[in-house]
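Please look over the sequence and the model below before reading on. The briefing that follows covers a metal site, charged pairs and aromatic rings.

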Amino acid sequence: MKRKLYWRRRDGIGSSVPTLGTGMSDLDSAPPMIERGGLRDVSAQPKLELTPGRTASLGPGTTVRRLLPTLGRRMVGAWCFLDHYGPDELGAGAGMQVPPHPHTGLQTVSWLLDGDIRHRDSLGSDVVLQPGDLGLMTSGHGIAHSEQSPLARPKLLHGTQLWVALPDAARQMDPKWEHHRALPTFTWDGLQVRIVLGEFAGHLAAGTIHTPLVGVDITIPAGVATSIPLEADFEYAAISVYGTARVDGADAPIGSLLYLGAGRRTLAVSAETPSRIMLLGGEPFEERIVMWWNLLGRSHDEIELYRTQWEQHERFPRVPGWAADDRTDAPPLPGGRLKPRGRQR
Ligand code: MN
(Lines give C-alpha, C1' and ligand atoms only; values in the text may rest on other atoms or scores of the structure.)
Protein backbone atom coordinates (compact mmCIF):
# COMPACT_ATOMS: atom_id res chain seq x y z
CA MET A 1 0.00 0.00 0.00
CA LYS A 2 1.49 3.30 -1.09
CA ARG A 3 0.76 6.54 0.65
CA LYS A 4 -0.33 9.16 -1.83
CA LEU A 5 -0.91 12.77 -1.10
CA TYR A 6 -2.87 14.98 -3.37
CA TRP A 7 -5.97 16.89 -2.66
CA ARG A 8 -8.74 18.86 -4.11
CA ARG A 9 -10.29 21.46 -1.91
CA ARG A 10 -13.86 20.80 -1.07
CA ASP A 11 -16.00 23.78 -0.28
CA GLY A 12 -19.61 24.48 0.34
CA ILE A 13 -20.31 22.13 3.23
CA GLY A 14 -21.41 24.06 6.28
CA SER A 15 -21.11 23.12 9.90
CA SER A 16 -24.55 21.56 10.00
CA VAL A 17 -25.41 19.13 7.25
CA PRO A 18 -28.85 17.63 6.74
CA THR A 19 -28.83 13.87 6.50
CA LEU A 20 -29.91 12.00 3.44
CA GLY A 21 -33.59 11.25 3.27
CA THR A 22 -33.12 7.66 2.30
CA GLY A 23 -30.33 5.30 3.09
CA MET A 24 -29.35 1.83 2.10
CA SER A 25 -29.87 -0.52 4.96
CA ASP A 26 -30.82 -4.08 4.29
CA LEU A 27 -34.42 -3.16 4.93
CA ASP A 28 -34.75 -0.08 2.75
CA SER A 29 -37.55 -0.56 0.26
CA ALA A 30 -36.27 2.02 -2.22
CA PRO A 31 -32.59 2.68 -1.71
CA PRO A 32 -31.00 5.39 -3.88
CA MET A 33 -27.99 4.79 -6.07
CA ILE A 34 -25.14 7.01 -5.01
CA GLU A 35 -21.81 7.80 -6.59
CA ARG A 36 -19.09 8.83 -4.20
CA GLY A 37 -15.39 8.78 -3.48
CA GLY A 38 -12.76 10.84 -5.25
CA LEU A 39 -10.69 13.59 -3.81
CA ARG A 40 -13.10 16.42 -4.50
CA ASP A 41 -15.08 15.31 -1.45
CA VAL A 42 -12.07 15.44 0.84
CA SER A 43 -11.08 18.35 3.05
CA ALA A 44 -7.30 18.74 3.10
CA GLN A 45 -7.72 21.05 6.08
CA PRO A 46 -8.94 20.24 9.56
CA LYS A 47 -12.71 20.51 9.78
CA LEU A 48 -15.23 20.23 12.55
CA GLU A 49 -18.64 19.26 11.16
CA LEU A 50 -21.18 17.69 13.47
CA THR A 51 -23.76 15.49 11.74
CA PRO A 52 -26.61 13.89 13.66
CA GLY A 53 -27.46 10.39 12.53
CA ARG A 54 -30.58 9.66 10.54
CA THR A 55 -32.74 7.24 12.47
CA ALA A 56 -33.99 4.08 10.80
CA SER A 57 -35.40 0.80 12.09
CA LEU A 58 -33.67 -2.55 11.77
CA GLY A 59 -36.64 -4.49 13.03
CA PRO A 60 -38.78 -4.34 16.17
CA GLY A 61 -36.85 -2.83 19.04
CA THR A 62 -33.70 -2.04 17.11
CA THR A 63 -33.03 1.56 16.17
CA VAL A 64 -30.22 2.42 13.81
CA ARG A 65 -28.56 5.78 13.35
CA ARG A 66 -27.12 6.09 9.85
CA LEU A 67 -24.00 8.26 10.10
CA LEU A 68 -22.68 7.69 6.57
CA PRO A 69 -23.67 8.35 3.94
CA THR A 70 -25.17 11.76 4.58
CA LEU A 71 -25.99 14.43 2.10
CA GLY A 72 -22.83 16.35 2.85
CA ARG A 73 -20.46 13.55 3.68
CA ARG A 74 -20.08 10.44 1.60
CA MET A 75 -16.85 8.77 2.75
CA VAL A 76 -14.10 9.09 5.34
CA GLY A 77 -11.04 7.47 3.80
CA ALA A 78 -12.34 4.13 2.54
CA TRP A 79 -15.09 4.07 5.22
CA CYS A 80 -18.26 4.40 3.19
CA PHE A 81 -21.13 3.36 5.47
CA LEU A 82 -21.50 3.81 9.22
CA ASP A 83 -24.44 2.61 11.32
CA HIS A 84 -24.70 2.88 15.08
CA TYR A 85 -27.51 0.89 16.73
CA GLY A 86 -28.76 0.76 20.27
CA PRO A 87 -28.29 0.51 23.12
CA ASP A 88 -31.66 -1.25 22.92
CA GLU A 89 -33.32 -3.63 25.33
CA LEU A 90 -34.29 -6.62 23.27
CA GLY A 91 -36.80 -8.00 25.75
CA ALA A 92 -38.69 -11.02 24.47
CA GLY A 93 -38.71 -9.82 20.84
CA ALA A 94 -36.69 -11.30 18.01
CA GLY A 95 -34.00 -8.63 18.23
CA MET A 96 -31.94 -8.12 15.12
CA GLN A 97 -33.06 -10.43 12.30
CA VAL A 98 -31.37 -9.80 8.97
CA PRO A 99 -31.76 -12.81 6.66
CA PRO A 100 -29.27 -13.64 3.88
CA HIS A 101 -28.40 -10.74 1.61
CA PRO A 102 -25.49 -10.11 -0.76
CA HIS A 103 -22.46 -7.83 -0.67
CA THR A 104 -19.91 -6.91 -3.34
CA GLY A 105 -16.83 -4.71 -3.44
CA LEU A 106 -16.60 -3.94 0.28
CA GLN A 107 -15.68 -5.15 3.74
CA THR A 108 -18.19 -5.19 6.57
CA VAL A 109 -16.92 -4.47 10.07
CA SER A 110 -19.14 -5.73 12.88
CA TRP A 111 -18.23 -4.19 16.24
CA LEU A 112 -20.39 -4.77 19.29
CA LEU A 113 -20.46 -2.77 22.50
CA ASP A 114 -23.16 -4.89 24.18
CA GLY A 115 -24.94 -8.08 23.19
CA ASP A 116 -24.31 -10.89 20.72
CA ILE A 117 -24.84 -11.28 16.98
CA ARG A 118 -24.82 -14.60 15.14
CA HIS A 119 -23.12 -14.27 11.77
CA ARG A 120 -23.49 -16.88 9.06
CA ASP A 121 -22.17 -16.54 5.51
CA SER A 122 -21.93 -18.33 2.18
CA LEU A 123 -18.38 -19.48 3.01
CA GLY A 124 -19.90 -21.61 5.77
CA SER A 125 -18.87 -19.35 8.65
CA ASP A 126 -21.17 -19.58 11.69
CA VAL A 127 -19.97 -17.42 14.55
CA VAL A 128 -21.51 -15.64 17.52
CA LEU A 129 -19.81 -12.26 17.79
CA GLN A 130 -19.45 -10.73 21.24
CA PRO A 131 -18.32 -7.31 22.46
CA GLY A 132 -14.63 -6.89 21.79
CA ASP A 133 -14.68 -9.27 18.82
CA LEU A 134 -14.02 -7.97 15.33
CA GLY A 135 -16.12 -9.60 12.62
CA LEU A 136 -14.47 -8.63 9.36
CA MET A 137 -16.11 -9.87 6.18
CA THR A 138 -14.43 -9.13 2.87
CA SER A 139 -17.00 -9.58 0.15
CA GLY A 140 -14.62 -9.44 -2.80
CA HIS A 141 -16.59 -10.46 -5.90
CA GLY A 142 -19.52 -11.64 -3.85
CA ILE A 143 -20.68 -13.08 -0.55
CA ALA A 144 -24.02 -13.52 1.21
CA HIS A 145 -24.56 -13.45 4.96
CA SER A 146 -27.18 -13.27 7.69
CA GLU A 147 -27.05 -11.49 11.04
CA GLN A 148 -29.33 -12.39 13.91
CA SER A 149 -29.71 -11.95 17.62
CA PRO A 150 -29.22 -15.45 19.03
CA LEU A 151 -32.06 -16.97 21.04
CA ALA A 152 -29.95 -17.02 24.20
CA ARG A 153 -28.46 -13.57 24.54
CA PRO A 154 -27.80 -10.66 26.85
CA LYS A 155 -30.59 -8.14 27.35
CA LEU A 156 -28.90 -5.23 25.60
CA LEU A 157 -27.88 -4.84 21.97
CA HIS A 158 -25.51 -2.01 21.10
CA GLY A 159 -23.00 -1.84 18.30
CA THR A 160 -21.81 -0.55 15.00
CA GLN A 161 -21.88 -1.85 11.45
CA LEU A 162 -19.26 -0.18 9.30
CA TRP A 163 -18.35 -0.71 5.66
CA VAL A 164 -15.01 -0.19 3.97
CA ALA A 165 -14.82 0.23 0.18
CA LEU A 166 -12.39 -2.11 -1.54
CA PRO A 167 -10.03 -0.52 -4.07
CA ASP A 168 -10.13 -1.72 -7.66
CA ALA A 169 -7.11 -3.96 -7.09
CA ALA A 170 -8.94 -5.98 -4.40
CA ARG A 171 -12.61 -5.77 -5.21
CA GLN A 172 -12.75 -8.96 -7.30
CA MET A 173 -10.82 -11.06 -4.80
CA ASP A 174 -12.29 -14.19 -3.31
CA PRO A 175 -14.53 -13.53 -0.30
CA LYS A 176 -13.04 -13.95 3.14
CA TRP A 177 -14.29 -14.03 6.74
CA GLU A 178 -12.07 -13.04 9.66
CA HIS A 179 -12.93 -13.22 13.34
CA HIS A 180 -10.38 -11.51 15.59
CA ARG A 181 -10.74 -11.83 19.34
CA ALA A 182 -7.46 -10.42 20.62
CA LEU A 183 -7.27 -6.84 19.46
CA PRO A 184 -4.46 -4.51 20.50
CA THR A 185 -5.60 -2.85 23.72
CA PHE A 186 -3.70 -0.33 25.79
CA THR A 187 -4.09 2.84 27.82
CA TRP A 188 -3.05 6.22 26.52
CA ASP A 189 -2.85 8.98 29.10
CA GLY A 190 -6.01 7.78 30.85
CA LEU A 191 -7.85 6.66 27.69
CA GLN A 192 -8.68 3.00 27.11
CA VAL A 193 -7.81 2.29 23.50
CA ARG A 194 -8.66 -0.74 21.39
CA ILE A 195 -7.55 -0.91 17.77
CA VAL A 196 -10.18 -2.51 15.58
CA LEU A 197 -8.43 -2.11 12.22
CA GLY A 198 -5.17 -0.63 11.01
CA GLU A 199 -2.42 0.98 13.02
CA PHE A 200 -2.56 3.51 15.82
CA ALA A 201 0.15 4.86 18.16
CA GLY A 202 2.58 2.15 17.10
CA HIS A 203 0.13 -0.75 17.61
CA LEU A 204 -1.08 -2.78 14.63
CA ALA A 205 -4.36 -4.70 14.44
CA ALA A 206 -4.49 -8.06 12.66
CA GLY A 207 -7.53 -7.53 10.41
CA THR A 208 -6.75 -7.42 6.70
CA ILE A 209 -7.07 -4.00 5.08
CA HIS A 210 -6.57 -2.98 1.47
CA THR A 211 -6.02 0.76 1.74
CA PRO A 212 -4.33 2.68 4.58
CA LEU A 213 -7.02 3.20 7.21
CA VAL A 214 -7.65 2.96 10.91
CA GLY A 215 -10.55 2.25 13.26
CA VAL A 216 -10.06 2.75 17.00
CA ASP A 217 -12.46 2.33 19.90
CA ILE A 218 -11.63 4.89 22.59
CA THR A 219 -13.18 4.92 26.05
CA ILE A 220 -12.80 8.27 27.80
CA PRO A 221 -13.32 8.10 31.57
CA ALA A 222 -14.91 11.13 33.23
CA GLY A 223 -12.43 13.93 33.77
CA VAL A 224 -9.79 12.69 31.33
CA ALA A 225 -8.43 15.28 28.90
CA THR A 226 -5.57 14.51 26.56
CA SER A 227 -4.59 14.45 22.92
CA ILE A 228 -3.93 11.55 20.59
CA PRO A 229 -1.63 11.28 17.57
CA LEU A 230 -3.09 11.35 14.04
CA GLU A 231 -1.70 10.86 10.54
CA ALA A 232 -1.65 14.22 8.78
CA ASP A 233 -2.50 12.70 5.40
CA PHE A 234 -5.53 10.74 6.67
CA GLU A 235 -8.99 12.21 6.85
CA TYR A 236 -10.86 11.36 10.06
CA ALA A 237 -14.25 11.29 11.70
CA ALA A 238 -15.29 10.41 15.23
CA ILE A 239 -18.58 8.69 15.90
CA SER A 240 -19.92 8.96 19.41
CA VAL A 241 -21.22 5.64 20.71
CA TYR A 242 -21.68 6.44 24.41
CA GLY A 243 -22.00 9.60 26.46
CA THR A 244 -20.91 12.96 25.12
CA ALA A 245 -17.24 13.10 24.33
CA ARG A 246 -15.56 16.40 23.60
CA VAL A 247 -13.45 16.19 20.45
CA ASP A 248 -11.32 19.17 19.40
CA GLY A 249 -13.48 21.27 21.72
CA ALA A 250 -16.80 20.18 20.19
CA ASP A 251 -19.39 18.11 22.03
CA ALA A 252 -20.17 14.87 20.19
CA PRO A 253 -23.42 13.47 21.61
CA ILE A 254 -24.17 9.76 21.33
CA GLY A 255 -25.27 8.78 17.84
CA SER A 256 -23.54 11.64 16.01
CA LEU A 257 -20.64 11.87 13.59
CA LEU A 258 -18.01 14.56 13.86
CA TYR A 259 -16.09 14.95 10.60
CA LEU A 260 -12.57 16.15 11.28
CA GLY A 261 -11.01 16.54 7.81
CA ALA A 262 -7.30 15.96 7.30
CA GLY A 263 -4.08 17.78 8.04
CA ARG A 264 -4.13 17.07 11.79
CA ARG A 265 -1.19 15.64 13.70
CA THR A 266 -2.98 15.51 17.05
CA LEU A 267 -6.56 15.52 18.29
CA ALA A 268 -7.76 16.77 21.66
CA VAL A 269 -10.28 14.46 23.37
CA SER A 270 -11.90 14.77 26.77
CA ALA A 271 -15.10 13.96 28.61
CA GLU A 272 -16.92 15.21 31.69
CA THR A 273 -18.96 12.03 31.95
CA PRO A 274 -17.91 8.51 30.86
CA SER A 275 -17.87 8.51 27.06
CA ARG A 276 -16.81 6.37 24.17
CA ILE A 277 -16.02 7.16 20.56
CA MET A 278 -14.92 5.29 17.47
CA LEU A 279 -12.20 7.17 15.65
CA LEU A 280 -12.26 6.26 11.95
CA GLY A 281 -9.75 7.51 9.41
CA GLY A 282 -7.86 6.69 6.30
CA GLU A 283 -6.11 7.84 3.21
CA PRO A 284 -8.65 9.67 1.05
CA PHE A 285 -10.32 7.17 -1.27
CA GLU A 286 -9.43 8.28 -4.75
CA GLU A 287 -11.64 6.02 -6.87
CA ARG A 288 -15.22 6.91 -7.67
CA ILE A 289 -17.55 4.17 -6.56
CA VAL A 290 -21.22 3.42 -7.08
CA MET A 291 -23.17 2.15 -4.11
CA TRP A 292 -26.70 0.84 -4.03
CA TRP A 293 -28.43 -1.30 -1.40
CA ASN A 294 -25.73 -3.71 -0.17
CA LEU A 295 -23.75 -3.64 -3.38
CA LEU A 296 -20.72 -1.58 -4.26
CA GLY A 297 -19.37 -1.35 -7.80
CA ARG A 298 -18.06 1.12 -10.31
CA SER A 299 -21.05 1.67 -12.58
CA HIS A 300 -24.82 1.44 -12.80
CA ASP A 301 -24.45 -1.52 -15.18
CA GLU A 302 -22.30 -3.41 -12.71
CA ILE A 303 -24.80 -2.87 -9.90
CA GLU A 304 -27.65 -3.97 -12.17
CA LEU A 305 -25.72 -7.15 -13.04
CA TYR A 306 -25.06 -7.98 -9.38
CA ARG A 307 -28.69 -7.36 -8.54
CA THR A 308 -29.85 -9.66 -11.34
CA GLN A 309 -27.38 -12.33 -10.25
CA TRP A 310 -28.69 -12.19 -6.68
CA GLU A 311 -32.26 -12.54 -7.89
CA GLN A 312 -31.25 -15.50 -10.11
CA HIS A 313 -29.22 -17.26 -7.40
CA GLU A 314 -25.95 -16.72 -9.24
CA ARG A 315 -22.62 -15.30 -8.04
CA PHE A 316 -23.68 -15.49 -4.37
CA PRO A 317 -23.80 -19.02 -2.95
CA ARG A 318 -26.49 -19.99 -0.47
CA VAL A 319 -25.83 -19.39 3.23
CA PRO A 320 -25.80 -22.84 4.89
CA GLY A 321 -28.66 -23.27 7.37
CA TRP A 322 -31.04 -21.12 5.33
CA ALA A 323 -33.46 -22.38 2.69
CA ALA A 324 -32.68 -21.14 -0.81
CA ASP A 325 -35.67 -18.79 -0.88
CA ASP A 326 -35.44 -17.66 2.75
CA ARG A 327 -33.51 -14.47 2.13
CA THR A 328 -33.77 -10.76 1.41
CA ASP A 329 -35.10 -9.87 -2.02
CA ALA A 330 -33.36 -7.03 -3.80
CA PRO A 331 -35.44 -3.85 -3.91
CA PRO A 332 -36.22 -2.37 -7.33
CA LEU A 333 -33.52 -0.31 -8.94
CA PRO A 334 -34.21 3.42 -8.85
CA GLY A 335 -35.35 5.09 -12.06
CA GLY A 336 -32.83 7.08 -14.05
CA ARG A 337 -29.21 6.23 -14.56
CA LEU A 338 -26.01 7.53 -13.06
CA LYS A 339 -23.64 8.95 -15.60
CA PRO A 340 -20.15 7.57 -15.12
CA ARG A 341 -17.88 10.38 -14.08
CA GLY A 342 -14.58 8.56 -13.89
CA ARG A 343 -11.68 9.29 -11.66
CA GLN A 344 -11.42 12.80 -10.36
CA ARG A 345 -8.67 14.71 -8.66
MN1 MN B 1 -24.74 -7.18 5.53
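Which side chains meet in a salt bridge at 2.6 Å, N to O? They are those of Asp168 and Arg171, where a salt bridge is a side-chain nitrogen of Lys or Arg within 4 Å of a carboxyl oxygen of Asp or Glu. This is a predicted model, in which local features need pLDDT of at least 70 and side-chain atom pairs count only at pLDDT 80 or more, while totals for chains, interfaces and linings use all residues. Residues are numbered from 1 along each chain as its sequence is written, and side-chain values use heavy atoms, with hydrogens and water left out.

**Metal site**

- The manganese ion has His101 (NE2), His103 (NE2) and His145 (NE2) as its protein donors, lying 2.1 to 2.2 Å from it; donors are N, O and S atoms within 2.8 Å of the metal (3.2 Å for Na, K and Ca), and sites may look incomplete because water is not among the atoms.
- Along the chain these donors follow the spacing H-x1-H-x41-H.
- Because His103 lies in strand S6 (residues 97–103) and His145 in strand S11 (residues 143–148), the pair ties together parts that are 42 residues apart in sequence; strands (E, at least two residues) are DSSP runs, numbered from the N terminus.
- His103 counts as buried at 1% relative accessibility, and His145 is likewise buried, with a relative accessible area of 1%; buried means under 20% relative accessible area, exposed over 50%, and partly exposed in between (1.4 Å probe, protein chains only).

**Salt bridges**

- The whole structure holds 12 salt bridges, including one between Lys176 and Glu178 at 3.7 Å, N to O.
- Lys176 is partly exposed at 32% relative accessibility, whereas Glu178 is buried at 7%.
- Through shared partners, salt bridges join Asp168, Arg171 and Glu302 into one network.

**Aromatic rings**

- There are 4 aromatic pairs, counted when rings of Phe, Tyr and Trp (its six-membered ring) have centres within 6.5 Å, with planes under 30 degrees apart called stacked, over 60 edge-to-face and the rest tilted.
- One of them is the tilted pair of Phe234 and Tyr236, with 6.0 Å centre to centre and 45 degrees between the planes, and both residues are buried.
- Trp292 and Trp293 form a tilted pair at 5.9 Å centre to centre and 55 degrees between the planes; Trp292 is buried at 0% relative accessibility, and Trp293 is buried at 0%.

Key. Helix = DSSP H or I, 4+ residues; strand = E, 2+ residues; numbered from the N terminus.
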